[in-house]
Amino acid sequence: MGGDRLMRIHSAEFRAMAERVLRVTELTSRLNVLPFEDEAGKAALLEQILGRPLPTGVTIYPPFFTDHGLRLDLAERVFINQNCTFLDYAGIRLGERVMVGPKATFITVGHPVDPEERRGWLSGAPIDVAENVWIGAGATILPGVSIGRDAVIAAGAVVADDVPPASLVTGGKATVHRRW
């Protein structure tokens with residue numbers, strides 16, 4: 001999937017990404033107003049968003065949000081519940097039988113912490129979720145995280161570090177680390 005990266009905001013790469021974001025935002029807005037039973041319409045729009053047909057047995061309940069789509073890699077039998085967000089420019093992989101609860105958020109991009117660099121650069125790193133992982137409602141998975149096979153991410157957890165296989169992760173309390 002690649003490692004950490006920086007992208008200058010005023011660059012050709014950023015402009016191409018921004019154009020893709022506008023296109024995918026238009027496609028997801030259409031997806032999210034389709035009648036729930038319109039399986040063919042949902043499948044056609046998701047194919048445009050992802051750049052390929054959904055794998056066998058993948059279920060995505062709208063509303064569904066992604067900013068890029070082309071770097072969202074879904075294995076077979078993935079389940080994504082309602083109101084999930086995937087900011088996938090740096091890449092997101094969900095292994096077989098991953099279950100994602102409602103309102104979960106996956107974020108692969110951000111900005112440097114330094115105030116001088118914040119407006120000029122995007123930073124990012126891929127997210128990799130192994131097989132048979134369960135991600136609870138409202139969980140947030142941050143850039144660069146890998147989650148091991150059979151792990152459970154509790155509802156509301158904020159995951160900023162790698163998760164070992166077959167483990168339970170909880171917690172979402174914010175902590176001040178330093179002041180400017």
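Let me start with a term: buried means under 20% relative accessible area, exposed means over 50%, and partly exposed is in between, with a 1.4 Å probe and protein chains only. By that scale Arg 23 is partly exposed, because its relative accessibility is 38%.

Now the ground rules. This is a predicted model, so local features need pLDDT of at least 70 and side-chain atom pairs count only at pLDDT 80 or more, while totals for chains, interfaces and linings use all residues. Residues are numbered from 1 along each chain as its sequence is written, and side-chain values use heavy atoms, with hydrogens and water left out.

Helix 1 comes first. Helices here are DSSP runs of H or I with at least four residues, strands are runs of E with at least two, and both are numbered from the N terminus. Helix 1 takes in residues 12-31, 20 residues in total. From first C-alpha to last, helix 1 reaches 29 Å, close to the 28 Å expected at 1.5 Å a residue. That expected span is 1.5 Å times one less than the number of residues.

Which residues of helix 1 are buried? Met 17, Arg 20, Val 24, Leu 27, Thr 28 and Leu 31. They sit on the same side of helix 1, because they cover an arc of only 95° around the axis. The arc is taken from the directions from the helix axis to the C-beta atoms. An α-helix has 3.6 residues a turn, so residues three or four places apart point the same way.

What covers that side? The cover includes strand 1 (5-8), helix 2 (39-50), strand 3 (64-66) and strand 11 (121-124). On the other side of helix 1, Ala 12, Glu 19 and Leu 22 are exposed. Leu 22 counts as exposed because its relative accessibility is 62%. Leu 22 and His 68 are 46 residues apart in sequence, and 8.8 Å apart in space, C-alpha to C-alpha.

Back to Arg 20. Arg 20 is buried yet has no salt bridge. A salt bridge needs a side-chain nitrogen of Lys or Arg within 4 Å of a carboxyl oxygen of Asp or Glu. The nearest side chain of opposite charge, Asp 88, is 7.4 Å away. For charge, Lys and Arg count as positive, Asp and Glu as negative; His and the chain ends are not counted. What lies by the side chain of Arg 20? A polar atom of that side chain is 2.6 Å from the backbone oxygen of Ile 49. The backbone oxygen of Gln 48 lies 3.5 Å from a polar atom of the Arg 20 side chain.

Next, the salt bridges. The structure holds eight. Arg 23 pairs with Glu 26, the closest N and O atoms being 2.6 Å apart. Both lie in helix 1, three residues apart, about one turn of the helix. Lys 42 and Glu 39 form a salt bridge at 3.4 Å, N to O. Lys 42 counts as buried, because its relative accessibility is 5%. Asp 128 and Arg 93 meet at 2.5 Å, N to O. That pair links distant parts of the chain: Asp 128 in strand 12, Arg 93 in strand 7 (residues 92-94), 35 residues apart. Arg 93, Asp 128, Glu 131, Arg 149 and Asp 150 are linked in a network of salt bridges.

Last, the backbone. Most residues other than glycine have a negative phi, and most peptide bonds are trans. The bond from Pro 62 to Pro 63 is cis, with omega near 0°. Asn 83 has a positive phi, near 65°, and Asn 132 has a positive phi near 60°.

How values were computed:
Contact means heavy atoms within 4.5 Å. A polar contact is a pair of N or O atoms within 3.5 Å; within protein, one must be able to donate a hydrogen and the other to accept it, and residues adjacent in sequence count only if both atoms are side-chain atoms.
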